[in-house]
Amino acid sequence: MFRRDFFKFSILTAAALTTVNASTNEKVKINSIKTKVAICGGGFAGLSCAKQLKSLNPNLDVTVIEKRANFSSCPFSNAWLGDIKNISYEDLNYDYNSAIEKYGYNFVNATISDIDKDKKIITTENGTIEYEYLVMAVGIDYNYKKLFRRDVEKAKDCQIKAPAGLKPGSEHIKLKRMIKNFKGGNFVISIPSQAYKCPPAPYERACMIATYFKENKIDGKVIIIDPRVKPAAKPERFTQAFNEFYKDIIEYKSNTKFKDVDFDKKEIYVESFNKKTLVFEKITLPFEEASVIPPNMANKLIKKAGLATYVNGWAKLRQPTFRSVSHEDVYIIGDSQGEYPYPKSAQMANSCGYLVAEELVNRIKGKGYKYKTYLPGNVCYSMVTAHKAVSISHLYEFTDKVHVTSITSDIDTFTADAAEGWYFGLIEDILGIESLR
Ligand SMILES: Cc1cc2nc3c(=O)[nH]c(=O)nc-3n(C[C@H](O)[C@H](O)[C@H](O)COP(=O)(O)OP(=O)(O)OC[C@H]3O[C@@H](n4cnc5c(N)ncnc54)[C@H](O)[C@@H]3O)c2cc1C
């Protein structure tokens, strides 16, 4: 199997891969424009949906609105942090122009400040966009209030000094510097108890930082603070990796909740469940560097647009569809959705983007769509050493609700090669760029 076939192989959805002859494409400067389908967010979900809409119907007027000037990836950023597989910063960052040119949708580079779902108008700093159908693919936001309540200064400090690193760009660059300049001591990673973007990411990151310490003979320890009994994803394999490859480097603290941080004293305060005394004990952890992940929620724009969310902040959808319960013409895909037990992954975002494109094209033609038959699929790879990885595949079935079955791989070099093939295959698919690797 060729490298990129790993990605094609992993598209488990029904979406057909048709070739596009892009005829109209432009980077749009706006005052006020109209479009048939507006896609908010040019991340994995938004770009997948836009590409597939144009693939299925090249004449459809599709507009992506994205605040970033370039595409920046979270997948494979941990490999870059760990200095493995020769992953460069360029491998994570791409221009949008190639995709715009190849797939032929309109692209507005602007920050969305508001959406009037009833009048069907999106407001940006550059003007407004009127739409018929709206796809919200704006990802996550952090909820620092849950960690620090009204202490806004502490939240700001934490975001800057101990970046969560679940949003690409600055946070990753800062983490890279923290790791490269690390002289020794504790590097603490704190994980929230609620759902967050990419469940395996913090454990993979711990492995990658530990790899870097080993490789560069740094006398450092990675301490993972986790409120769970075991890792949130691939638990047996990550536990195996911590014990087999990083026994003296990674300390996994289960049943442990982050309570507070003092950046002057360089101390993190946690409560950890003592299995012998059966009580929670207060513990002070000294640290040199830390990455504190706050609880996540759907991008604030969703609530601002009057689209219903659950108390935990994720968007409510009308089952079995991806339509918001608050409006028939609004779809919500990618990490923001909270309706289905789908992991917040790039593969899932891609898969759901394809499904919604299929539904929309059918809907515009006046045809129905069988959501209960065509479900998304997921595969997620995690690097655990410089040459070995583990993967998990999820298969879904809709009966009374969505049911999932999963298969976890061994930790091996074959999976590491598959991970690389998957990543560059996905990038090629949504950005229309062939990797130079
Ligand atoms: C460290 C790490 C490693 C990961 N590794 C993997 C992996 O190996 N495999 C995997 O499948 N997944 C992985 N993921 C998860 C993956 O990155 C996410 O699930 C995926 O990015 C979700 O896609 P999305 O389109 O929903 O959100 P995003 O990709 O976050 O896209 C949202 C887009 O909306 C834009 N936006 C937000 N607000 C506005 C606004 N107001 N105006 C205009 N634009 C706006 C943002 O700029 C962004 O481009 C990883 C995540 C992390 C953090």
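Here is a friendly chat about a predicted model and the words used to describe it.

Me: What makes the set of 129 residues a nonpolar core?
Reply: Membership takes buried residues of nonpolar kinds joined through C-beta atoms within 7 Å. The largest such set here has 129 residues, and Val135 and Ile333 have the most contacts inside it. Helix H12, residues 413–431, gives the most to this core, with 10 residues.

Me: How do you know where this core lies relative to domain 1 and domain 2?
Reply: Look at who contributes. Domain 1 (5–139 + 299–431) and domain 2 (145–292) both give residues to the core, so it lies between them.

Me: Why are strand E14 and strand E16 called edge strands?
Reply: The open sheet has three strands in the order E14-E15-E16, with antiparallel pairing. Strand E14 (256–262) and strand E16 (279–286) are its edge strands because each pairs on one side only. Neighbouring strands of this sheet are turned by 25 degrees against each other on average, direction ignored.

Me: How do you know that E14 pairs with strand E15?
Reply: Pairing needs at least two bridges. Six bridges join E14 to strand E15 (residues 267–274), so the two strands count as a pair. They run antiparallel, and Val261 stands opposite Ile268 in E15.

Me: What describes the way helix H2 and helix H11 cross?
Reply: Two packed helices are described by the angle between their axes and the distance between the axes. For helix H2 (residues 44–56) and helix H11 (residues 346–364), the axes come within 7 Å and cross at roughly 35 degrees. The crossing is right-handed. Among the residues that meet are Phe44, Ala45 and Cys49 in H2, and Ala346, Cys352 and Val356 in H11.

Me: Where do the C-alpha centres of domain 1 and domain 2 lie, and what makes up the contact between these domains?
Reply: The centres lie 29 Å apart. The contact takes 27 residues from domain 1 and 27 residues from domain 2. On the side of domain 1 that touches domain 2, helix H3 (77–81), strand E20 (378–383) and strand E21 (389–398) each supply at least two residues. H3 gives the most to that side, with four residues.

How values were computed. Residues are numbered from 1 along each chain as its sequence is written. This is a predicted model: local features need pLDDT of at least 70, side-chain atom pairs count only at pLDDT 80 or more; totals for chains, interfaces and linings use all residues. A residue is buried if 20 or more other C-beta atoms lie within 10 Å of its own, exposed if 12 or fewer, and partly exposed in between; C-beta atoms are placed from the backbone. Domain bounds come from an automatic or database domain assignment. Axes are lines fitted to C-alpha atoms, for helices over the stretch in contact, and angles run from 0 to 180 degrees between N-to-C directions. A crossing is left-handed if the near helix is turned anticlockwise from the far one by less than a right angle, and right-handed if clockwise. Two residues are in contact if their C-beta atoms, placed from the backbone, lie within 7 Å.
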